[in-house]
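Work through the two exercises below with the model open beside you, and try each task before you read its solution.

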Amino acid sequence: MKNYSHVITVFSVVAVALLGMQIALTTLQSDSFGKYGRFRGDHILEASSLPTKHKGDDNCLECHENEWDMADAKHAAVPCENCHFLPKAHAVPAADGGEPKEGLAKYARTEKMPIDSSGEPCKRCHLFLPSRPAGFPQVKNVEKHIKDGWKKTMGELDVKSACPRCHNSHFPKAFAKVSI
Amino acid sequence: MIQKKKKKSRREFLKMAAAGAAGMLVVTLIPKPSSGQRIHDIEEAGQLERAPDWMEHYYAYVVDTTKCIGCGACVRACRRENDTPEEYFRTWVERYQITDTGHVYIDAPNGGHDSFPPRDVPGNVVKGFFLPKICNHCRNTPCTQVCPVNASYESPQGAVLVDKKSCIGCGYCVQACPYDTRYIDPRTHTADKCTWCYHRITKGLMPACVTVCPTKARLFGDLKKKDSPVKEIIDTKRVMVLKPELNTEPYCFYIGLDKSVR
Amino acid sequence: MIYTEFSFPNDSHIIWSLMIVTYPYISGIMAGAFSIAALYYGFGMSSLRPVSRFSLLVSFSFLSCATLPLLNHLGHPERAFNVMIMPNHRSAIGGFGYIYMVFLTILVLIIWFSYRDEVIRAANAATGLKKRILEASLLWNLNSDSQTQAVDRIVVFYLVAFGIPSMAVLSGYVGFLFGSLKSNPWWSTPVMPFVFFVSGIMSGLALVTLFYLYLGWFGHLEKSPACLRTLGALLWFSTVLYIVLEAVELLYFYYESSDAWFVISTLLLTKLKYSFFFLQLGIGLGVAFVLLSAMFALRVDETTFAKLAAVASVYILFEVWMMRWNIVVGGQLFSKSYVGFREYHPQWLDQEGILAAIVFTLLPFLVLYIVTRLLSVHPLPEEDEMESAGSPRVVIE
């Protein structure tokens with residue numbers, strides 16, 4: 001045995017070291033690893049607990065029923081948040097501590113919701129592109145469109161007008177602009 | 001005498017080596033016992049805000065390219081909802097214009113984020129469409145197969161997610177995805193991709209891109225629900241997936257896919 | 001269908017950079033150097049005796065620095081041990097931690113057993129702290145009689161026997177990593193692990209040949225024409241094998257003409273025309289192969305043979321680096337749409353830039369310098385070999 005003792009010693013040391021390292025590393029594994037599958041189980045809870053940002057039309061309609069009633073069927077399909085963006089600090093509960101109020105009075109308005117009235121948002125969908133489906137309402141020639149529209153309404157002709165000059169964004173079939 | 005000793009030492013050595021290797025193997029295969037305490041802690045802390053049966057679903061996504069108008073609302077909504085970095089996309093829209101001479105012109109200016117400006121191409125465009133792209137949340141995922149630390153995984157509902165706290169940022173999953181839907185987030189130095197808005201679907205909502213689509217070109221639903229429109233489309237209509245020859249089994253189904261699609 | 005150029009929006013940057021070119025280069029040299037030791041200790045090629053122990057030191061130096069380029073590339077290097085804490089057994093990179101550990105253990109053990117006699121002599125001659133350190137490194141067993149030495153030889157033989165497949169896996173798994181990705185047609189071929197393995201052997205052989213010529217010239221190692229001829233012959237064989245593998249890979253791509261052939265052919269004829277055909281194949285491989293063939297076909301004298309061997313080795317080292325570049329970076333120069341391309345221009349001072357690559361490539365040489373101050377480059381004395389016939393001996397003249 002004398003001639004082999006160094007072999008046994010060094011292999012034992014190496015085996016213990018490797019085993020020890022693997023055991024130590026396994027203890028560092030997260031508690032939730034393997035709970036739902038071969039991944040850190042806590043993450044599936046974290047991922048599902050992130051705050052949602054888009055609140056959906058129902059959130060806006062709590063107060064803005066008027067706008068919904070006015071929207072024609074086609075633009076009802078366009079969610080409010082597409083053009084008005086996320087409802088950040090738009091409305092907060094009134095802080096006066098008085099009796100609970102109904103409807104719009106429940107909230108204090110902090111800032112106006114943004115809206116781009118330059119006609120750019122409209123062009124994003126309605127500018128003519130050959131790749132757009134054929135049945136979708138598109139405007140090929142903006143100047144001609146404005147001139148034809150002027151003929152119909154006999155309003156003021158301004159070929160540089162933006163779309164909201166004639167079209168109500170919520171009820172685009174109306175040619176006379178209706179203020180909200 | 002020397003010969004016998006040699007044989008004995010060889011046998012002893014091999015026995016020791018085998019025992020050592022077996023021991024090591026056994027230890028690595030034992031998973032650490034999980035406490036189950038964890039989920040209660042999170043629930044009681046009020047962080048849990050999920051639909052009661054949030055695990056009992058099996059999701060799928062449908063894109064109807066015959067309806068997409070290329071407005072880019074989905075790309076903008078996704079960026080807002082998920083705080084995607086500026087130069088990368090969790091979802092994007094491509095525009096295809098095919099002329100009568102057989103030339104295919106594809107473009108995706110800023111991923112379609114600001115819609116599409118008119119693009120003049122030589123020749124007459126005889127076929128054109130928009131192609132929204134998204135992580136396909138495959139069943140035979142090439143990306144989770146190659147993640148070295150199990151940071152990328154499939155949830156029980158079929159969504160493929162990335163655990164940013166475990167990801168080491170090696171980029172192997174980004175290379176492995178054939179659809180180029182993954183990227184390394186330059187702010188967190190980890191892999192990132194579309195999660196089907198996991199934080200929304202587990203509360204019974206739709207992903208942001210589906211919520212804002214004005215033409216119902218993007219649909220999302222639960223295959224376990226009998227009356228789900230997504231289930232009806234997949235079961236009864238002619239649907240296709242991207243790169244089917246790679247056998248990744250995507251769960252994002254397309255209606256109206258053309259042979260020119262990349 | 002004729003496509004005009006289009007790249008997917010997420011394809012703006014390449015993610016596997018110079019660091020991922022440097023890592024297989026270093027691990028390839030490590031594998032090639034170990035193969036020389038393996039041929040001597042495992043297969044008894046006694047003509048390689050002069051470089052037998054030195055190549056172990058070269059292999060160890062390069063192995064010790066192999067992980068550094070990878071750690072530099074990772075988004076979160078502090079989590080690098082996750083590959084052993086929560087590994088994915090189906091992932092090639094996931095196996096890296098274990099593959100590396102196994103081969104490191106085997107190589108360190110081989111060096112421990114090979115250099116035991118020398119360290120025992122040093123421990124016996126030393127005093128004080130140095131003596132205590134040396135004795136601890138020997139695990140307090142200073143037995144060095146002839147039977148113990150015989151045992152050492154046998155243990156080295158078996159360690160080398162386990163070390164060869166381990167080394168093959170460590171240098172071949174990188175090829176598997178690339179070759180198993182169906183998403184990338186330039187990488188996706190079953191030949192890839194062998195291409196990486198053989199080119200690694202080539203680079204290791206070339207570097208050890210250069211070192212041997214240098215050490216022999218300056219008298220640190222005995223000059224053996226037989227050893228140089230064997231190294232040259234091995235280099236020639238591995239070069240031929242590499243040429244065959246690359247040719248087969250390209251031939252299959254061309255002949256099958258599958259959907260990605262358009263992008264591969266455009267890649268080769270435009271983006272990689274200079275670096276692949278001219279630099280890697282033309283200059284690197286072509287010149288080296290001609291020189292190596294001339295060394296054996298023409299009856300040249302020893303000095304000319306040595307000079308040709310040196311030049312051929314330099315070209316081989318260059319060729320293997322270009323091969324790593326063309327595969328790793330070349331495979332990312334086209335978009336996954338297969339109809340678009342992008343550029344890669346590494347900067348000098350990037351975190352994963354040119355300066356970092358140079359530093360990581362030169363670091364193993366520094367480690368080798370330090371190691372050779374501690375351990376001798378000489379092989380084991382010849383008389384002890386003959387006594388302990390552990391494996392059959394093959395003599396190459």
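The angle between two helices is taken between their N-to-C directions and runs from 0 to 180 degrees, the axes being lines fitted to C-alpha atoms over the stretch in contact. The model used here is a predicted one.

**Exercise 1.** Describe how helix α6 (residues 116-125) of chain C and helix α7 (residues 128-137) of chain C pack.

*Solution.* Begin with the geometry: the axes of α6(C) and α7(C) lie 8 Å apart and form an angle of about 150°. Angles over 145 degrees count as roughly antiparallel, and α6(C) is therefore roughly antiparallel to α7(C). Next take the handedness, which for this crossing of α6(C) and α7(C) is left-handed. Then list the residues: α6(C) contributes C:V119, C:A122 and C:A123 to the contact, while α7(C) contributes C:K131, C:L134, C:E135 and C:S137. Sorted by class, the residues of this contact are four nonpolar, two charged and one polar.

**Exercise 2.** Characterise the side of chain B that touches chain C, and find which element of chain B gives the most to it.

*Solution.* Start with the count, in which 42 residues of chain B are in contact with 36 residues of chain C. The elements of chain B that each supply at least two residues to this side are α1 (2-29), β3 (103-107), α4 (142-146), α5 (172-176) and β7 (183-185), and β3(B) gives the most, with five residues. By class, this side of chain B holds 23 nonpolar, 14 polar and five charged residues. Finally, look at β3(B) itself, which runs parallel to strand β1 (residues 2-3) of chain C and is joined to that strand by two bridges; B:H103 stands opposite C:I2 in β1(C).

How values were computed:
Residues are numbered from 1 along each chain as its sequence is written. Chains are lettered from A and ligands numbered from 1 in the order in which they are written. This is a predicted model: local features need pLDDT of at least 70, side-chain atom pairs count only at pLDDT 80 or more; totals for chains, interfaces and linings use all residues. Helices (H or I, at least four residues) and strands (E, at least two) are DSSP runs, numbered from the N terminus. Angles under 35 degrees count as roughly parallel, over 145 as roughly antiparallel, 65 to 115 as roughly perpendicular and the rest as oblique. A crossing is left-handed if the near helix is turned anticlockwise from the far one by less than a right angle, and right-handed if clockwise. Two residues are in contact if their C-beta atoms, placed from the backbone, lie within 7 Å. Ala, Val, Leu, Ile, Met, Phe, Trp, Tyr, Cys and Pro count as nonpolar, Asp, Glu, Lys and Arg as charged, and the others, Gly among them, as polar. Two strands pair if DSSP finds at least two bridges between them.
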